[in-house]
Amino acid sequence: MLNLLPPEIKSRHKVRSKLYGVTVAYIFIAALFVLGPIALGTYNYIQNSQISDYDSQISQIKTQIGQSKGLNDKLSFLEDRAQSATQYQEQRSYTSYLSTIASSTPSPVLVTGVQLEDGTVATPVFTVKGTSTDRRSIILFKDKISQSTDVTGAVFDALTEILEESGKSFSFSMKVTFAK
Amino acid sequence: MTILKNTYFWVMTLILLAVVVLSGLRIIPPMYATYQENQQTIADRKAELDKQQKFLDAVNAVKQDEASLNDLYTQAQTALPISNGSESLMLQLDGLLKELAIDATIDVPLAVDNTDDQATAQNQLEVSINGDIGYNKARSLISRLKTFARWNKIKGFSIAKSTTGFTTSVNFLAYFKPGRVPEFSGDSNIMDKAAQVFDSLRSYTTVPDSTTEGTYGRSNPFSL
């Protein structure tokens, strides 16, 4: 299509178009730098009133809590003690260790002493002393107790023969280490 | 003639733009920083409010059942007292041995270092029970110590049989914890949690109370 407009009008159109662009850019920049701070200022004002609102609610609740001070002290103490249980309460079941020793004892063996040396270590060690009429049952005792899942090892400290009027017997001392 | 070719127009436009942009750049960043700071403050306050509300709810819930709180509090005081509590421990052990029909000697230190200074404080009593205690009774004693009202940890024990009977000793540490406790967290399940911990503990005596028990006043305290 041919543009039959006179060159003067064409040029005026171009100028108007450029002027329009400049005006729009102007308005845009002005809006950004003028309305931006206004918007931020409004936000900040709203935020400050929100903060004051929270502060007053917190203060009200604190006052209510303060009125039950005796109760709070008891709750603090109770919570602290409840959380201290694992640190101060016995966690091991020593009777289960004794059961392991008892259930591993063969018929001819007579246990004469059980001693836990130090219960504060990670793997408690028991010294088990006893007598038997034969060596074999003592070895069986050691083997049986070593097979327990909660035992990590059993070693003899002593295995001696005792000569008595009634006949021969054997005494032993064994260290049994439990897993935990 | 067009305005776009006018130098004055462009100079004024640029000056105006420069003024707007520069003042904008001067005002907007601090305002934006305040906005961000406020956002963080609001989040913090909200969290604080939630915490305080939770705390208040927990306190109000406990108020409904203050008797249970008092019971648990007494149990907690017995389990891990703030001072050594030797006398009470002796009475507790006396009760335990009586119940198990064990005749044994109880050795509880009466004075220990119970300072608040964690570096030097022992905060524990080394207790021993010695006597002619057979295997089954010794086993029961060790078992009962696990649920004993006063928290303890076994340090060592020895059960030895001889021709004359048994020589048994049980040594354990009974603890105490001086000092301030941290503030209550507001845990709404505190009562259930505490009940789980303390309800299984067993006391073998009551706290002596001179205001309600005993008769007092003797003309000659040297004779009965």
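**Confidence**

The predictor assigns the complex an ipTM of 0.78, together with a pTM of 0.74. For chain B the mean pLDDT is 88, and 94% of the residues of chain B reach 70 or more. Where pLDDT is low, the predicted coordinates should not be read in detail.

**Domains**

Chain A is assigned two stretches as domains: residues 1–86 form domain 1 and residues 94–178 form domain 2. Taken over C-alpha atoms, the centres of domain 1 of chain A and domain 2 of chain A are separated by 77 Å.

In chain B, domain 1 covers residues 8–64, while domain 2 is made of residues 78–180 + 190–198. Between the C-alpha centres of domain 1 of chain B and domain 2 of chain B the distance is 59 Å.

**A strand pair in chain A**

Strand β3 of chain A spans residues 151–164, and strand β4 of chain A spans residues 167–178. The two strands, β3(A) and β4(A), are joined by a hairpin through two residues. Their pairing is antiparallel and extends over twelve bridges. Within this pairing, A:F156 has A:M174 in β4(A) as its bridge partner.

How many of the 14 residues of β3(A) are buried? The number is one, so β3(A) lies largely in the open. A residue is counted as buried here if 20 or more other C-beta atoms lie within 10 Å of its own. In a regular strand the side chains alternate between the two faces of the sheet.

**Two helix pairs**

Two packed helices are described by the angle between their axes and the distance between the axes.

| Helix pair | Axes come within | Crossing angle |
|---|---|---|
| α3(A) (residues 94–104) and α4(A) (residues 135–146) | 9 Å | roughly 135 degrees |
| α2(B) (residues 66–79) and α5(B) (residues 190–198) | 10 Å | roughly 45 degrees |

In chain A, the crossing at roughly 135 degrees makes α3(A) oblique to α4(A). The handedness of the crossing of α3(A) and α4(A) is right-handed.

In chain B, the axes of α2(B) and α5(B) cross at roughly 45 degrees, and these helices are therefore oblique to each other. The crossing of α2(B) with α5(B) is left-handed.

Terms used: Residues are numbered from 1 along each chain as its sequence is written. Chains are lettered from A and ligands numbered from 1 in the order in which they are written. This is a predicted model: local features need pLDDT of at least 70, side-chain atom pairs count only at pLDDT 80 or more; totals for chains, interfaces and linings use all residues. Domain bounds come from an automatic or database domain assignment. pLDDT is the predictor's confidence in each residue, from 0 to 100. A residue is buried if 20 or more other C-beta atoms lie within 10 Å of its own, exposed if 12 or fewer, and partly exposed in between; C-beta atoms are placed from the backbone. Helices (H or I, at least four residues) and strands (E, at least two) are DSSP runs, numbered from the N terminus. Two strands pair if DSSP finds at least two bridges between them. Axes are lines fitted to C-alpha atoms, for helices over the stretch in contact, and angles run from 0 to 180 degrees between N-to-C directions. Angles under 35 degrees count as roughly parallel, over 145 as roughly antiparallel, 65 to 115 as roughly perpendicular and the rest as oblique. A crossing is left-handed if the near helix is turned anticlockwise from the far one by less than a right angle, and right-handed if clockwise.
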